[in-house]
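Biologist: I would like to go through this structure term by term. Please tell me what lies behind each label.

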Amino acid sequence: MSSSVLKTIFMVILFSSSSLILPFIQVVVADRDLPIDRYTVHVINNLPSNQFLLKIHCASGDDDLGFHNLTVNQDFNWSFRVNIRGTTLFFCHFWWQNKDKAFEVFNNYIATKTCRTNCYWLVREDGFYFTDDIDKIPPQKVEFW
């Protein structure tokens, strides 16, 4: 047999064995610098005190977190790990008074560029603010109603 045929047979055996594929996948994941930490997304009602509650509905493709009515300064949060493909995505829909808005509160870009392990979304009268360290970094406005 020629050396190219032997190389092909070796590669087929190598990649058809599940015990050998897992380390290969781990190397690929490590090369992409996908976060392996647990993330927590916080949605905090920073709206003025009045009779209107903030209503939210958050979900991903796999998890429906349900509808929640948040009082002033209430924090609704959930924790998760990103999937191996780096495609984890959560969105929330927000309602307050006659306003409503829906957008992604967590995705791969947020995970790799703006969020360490905690992602804080503060809902205010003029829009939506984000920070990854609520005690040290002032939230920045990133979405309008």
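Modeller: What follows takes disulfides, aromatic rings, salt bridges and a sheet in turn.

Modeller: This is a predicted model, in which local features need pLDDT of at least 70, side-chain atom pairs count only at pLDDT 80 or more, and totals for chains, interfaces and linings use all residues. Residues are numbered from 1 along each chain as its sequence is written, and side-chain values use heavy atoms, with hydrogens and water left out.

Biologist: Why is the pair Cys58 and Cys92 called a disulfide?

Modeller: A disulfide is a pair of cysteine sulfur atoms within 2.5 Å. The sulfur atoms of Cys58 and Cys92 are 2.0 Å apart, so the pair qualifies. The angle about the S-S bond is 110°, and this link is right-handed.

Biologist: What makes Cys58 and Cys92 a tie between parts of the chain?

Modeller: Cys58 lies in strand β2 (residues 54–60) and Cys92 in strand β5 (residues 90–96), so the link joins parts 34 residues apart in sequence. Helices (H or I, at least four residues) and strands (E, at least two) are DSSP runs, numbered from the N terminus.

Biologist: Are Cys58 and Cys92 buried or exposed?

Modeller: Cys58 and Cys92 are both buried. Buried means under 20% relative accessible area, exposed over 50%, and partly exposed in between (1.4 Å probe, protein chains only).

Biologist: How many disulfides are there?

Modeller: The count is two. Cys115 is joined to Cys119, S to S 1.9 Å. That link has -100° about the S-S bond and is left-handed. Cys115 and Cys119 are both buried. Counting bonded cysteines along the chain, the pattern is 1-2, 3-4.

Biologist: Now the rings. Why are Phe94 and Phe103 called stacked?

Modeller: Rings of Phe, Tyr and Trp (its six-membered ring) pair if their centres lie within 6.5 Å; planes under 30 degrees apart count as stacked, over 60 as edge-to-face and the rest as tilted. There are 14 aromatic pairs by this rule. Phe94 and Phe103 sit 5.4 Å centre to centre with 25° between the planes, so they are a stacked pair.

Biologist: How do you know that Phe94 and Phe103 are buried?

Modeller: The relative accessible area of Phe94 is 0%, so Phe94 is buried. Phe103 is at 9% and therefore counts as buried too.

Biologist: Which residues do ring pairs link into a cluster?

Modeller: The cluster holds Phe94, Trp96, Phe103, Trp121, Phe128, Phe130 and Trp145.

Biologist: What makes Arg124 count as lying over the face of Tyr129?

Modeller: A charge sits over a ring if NZ of Lys or CZ of Arg is within 6 Å of the ring centre and within 35 degrees of the ring normal. Arg124 lies over the face of Tyr129, at 4.4 Å from the ring centre. Lys55 lies over the face of Trp95, at 5.7 Å from the ring centre.

Biologist: Why do Glu143 and Lys101 form a salt bridge?

Modeller: A salt bridge is a side-chain nitrogen of Lys or Arg within 4 Å of a carboxyl oxygen of Asp or Glu. The closest N and O atoms of Glu143 and Lys101 are 3.3 Å apart, so the pair passes. Glu143 is in strand β9 (residues 140–143) and Lys101 in strand β6 (residues 99–106), 42 residues apart. Glu143 has a relative accessible area of 24%, so it is partly exposed.

Biologist: How many salt bridges are counted?

Modeller: Three. Asp132 and Arg116 meet in one of them, at 3.2 Å, N to O. Asp132 lies in the loop between β8 (127–131) and β9, and Arg116 in the loop between α3 (108–114) and β7 (118–124), so the pair ties parts 16 residues apart in sequence. Asp132 is buried at 14% relative accessible area, whereas Arg116 is exposed at 53%. Lys141 and Asp126 form a salt bridge too, with their closest N and O atoms 3.4 Å apart.

Biologist: What order do the strands of the open sheet have?

Modeller: The five strands run β4-β1-β7-β8-β9, with mixed pairing. Strands β4 (75–81) and β9 stand at the edges with a single partner strand each, so one side of each has no neighbour in the sheet.

Biologist: How do you know that β1 and β7 pair?

Modeller: Two strands pair if DSSP finds at least two bridges between them. Six bridges join β1 (residues 38–45) to β7, so the two strands pair, and they run parallel. Thr40 stands opposite Asn118 in β7.
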